[in-house]
Amino acid sequence: MLGTGSTRSTGSGSSRSWGWRSRPSLLVTGRLYFPQLALRRRLGQLSCMSRPALKLRSWPLTILYYLLPFGALRPLSQVGWRPMSRVSLYKSVPTRLLSRACGRLNQVELPSWLRRPVYSLYIWTFGVNMTEAAVEDLQHYRNLSEFFRRKLKPQARPVCGLHSVISPSDGKILTFGQVKNSEVEQVKGVTYSLESFLGPRACTEDLPFPPASSCDSFRNQLVTREGNELYHCVIYLAPGDYHCFHSPTDWTVSHRRHFPGSLMSVNPGMARWIKELFCHNERVVLTGDWKHGFFSLTAVGATNVGSIRIHFDQDLHTNSPSYSKGSYNDLSFVTHANKEGIPMRKGEPLGEFNLGSTIVLIFEAPKDFNFRLKAGQKILFGEALGSL
């Protein structure tokens, strides 16, 4: 084996160094060396690539770095290569493209003989209760998309009339409580910025107070009545849950804001892992007023949930092939013909997901508002969230 500094003659009589350093690196054993100069040149080429191309070239090595035992690729760090973090690796996955592909697959009509086994497997995997479905016959659902958006029997979800705010959907309660310092809990111990999540206040909302620039004053913009507090509640919809969502109270929707974005998973484990996950993901923010002031409901998209539908908003189109990061588009429901907005009654159908996702409620209420919840509890649409 050639050692450090060894040379060889070329046809012209000149010699050149192999370019190996005096302190060779070991890959696995003491007998195998890295051609470090060649690797440095190769890695140097990567730095000249565009960011998408760089991520694409980094994927295979990064995945092997985390999967192979005994740090087999760790010596690569000595020649300037660094693996992407697990979070960066996950963020670089084309979740929007995959979600569109899954959406098209879900709309493919299944042959009659295949429907029962496919839906039965899904029911068994996610614990779906088909006795609540308006149509229990599995042959009725032509494709997976229809099965995901199945309707319930009217008596399956009675709407609680004793409490002012009900759950808009089936799901699991992740966090709830007062909003403090304009930070909202994503899961316990992980927060995100209220302004990043909702975006700046829209001019079309005719606010009776001037815009403010500080973080804490953004919360003050939302609280319109003296003595009130700002509250939040996060509900996670699992794949086996009922995928439609309803109005959580009597209120008027005056404005819609659509944030195109990523479609990363929003399950509680991922929410603990990625800070401000809800601010990265695509979401539709509905804002308006109820009897105590400001009220908002946000439908957050997730992997395989590229389609968020709002029943009264035909202009909304989610999971478009391209978008500008950080962009959003607004639509006001307050017009010359309709100066009130869209009135919604408690329990009235509001929209639907194509698969499980997350609903975030942020609203203003008096200080004596009480949640009737426990973190982590399972809740059904129509059950009480809280009241005065």
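Trainee: How many residues lie between β10 and β11 in their hairpin?
Mentor: There are 2 residues between them. This is a predicted model, where local features need pLDDT of at least 70, side-chain atom pairs count only at pLDDT 80 or more, and totals for chains, interfaces and linings use all residues. Residues are numbered from 1 along each chain as its sequence is written, and side-chain values use heavy atoms, with hydrogens and water left out.
Trainee: In what sense do β10 and β11 pair?
Mentor: Antiparallel, over 8 bridges, with β11 covering residues 293-300. Strands are DSSP runs of E, at least two residues, and helices are runs of H or I, at least four, numbered from the N terminus. Two strands pair if DSSP finds at least two bridges between them. T287 stands opposite S296 in β11.
Trainee: And which residue stands opposite W290 in β10?
Mentor: W251. Strand β9 (residues 251-259) also pairs with β10 in the antiparallel sense, over 8 bridges.
Trainee: Why is β10 largely enclosed?
Mentor: Because 7 of the 8 residues of β10 (residues 283-290) are buried, meaning under 20% relative accessible area with a 1.4 Å probe, protein chains only.
Trainee: Switching to rings. How many aromatic pairs are there?
Mentor: The structure holds 20, counting rings of Phe, Tyr and Trp (its six-membered ring) with centres within 6.5 Å; planes under 30 degrees apart count as stacked, over 60 as edge-to-face and the rest as tilted. Y119 and F147 are stacked, 4.8 Å centre to centre with 10° between the planes.
Trainee: Are those two buried or exposed?
Mentor: Both Y119 and F147 are buried.

Terms used:
Buried means under 20% relative accessible area, exposed over 50%, partly exposed in between (1.4 Å probe, protein chains only).
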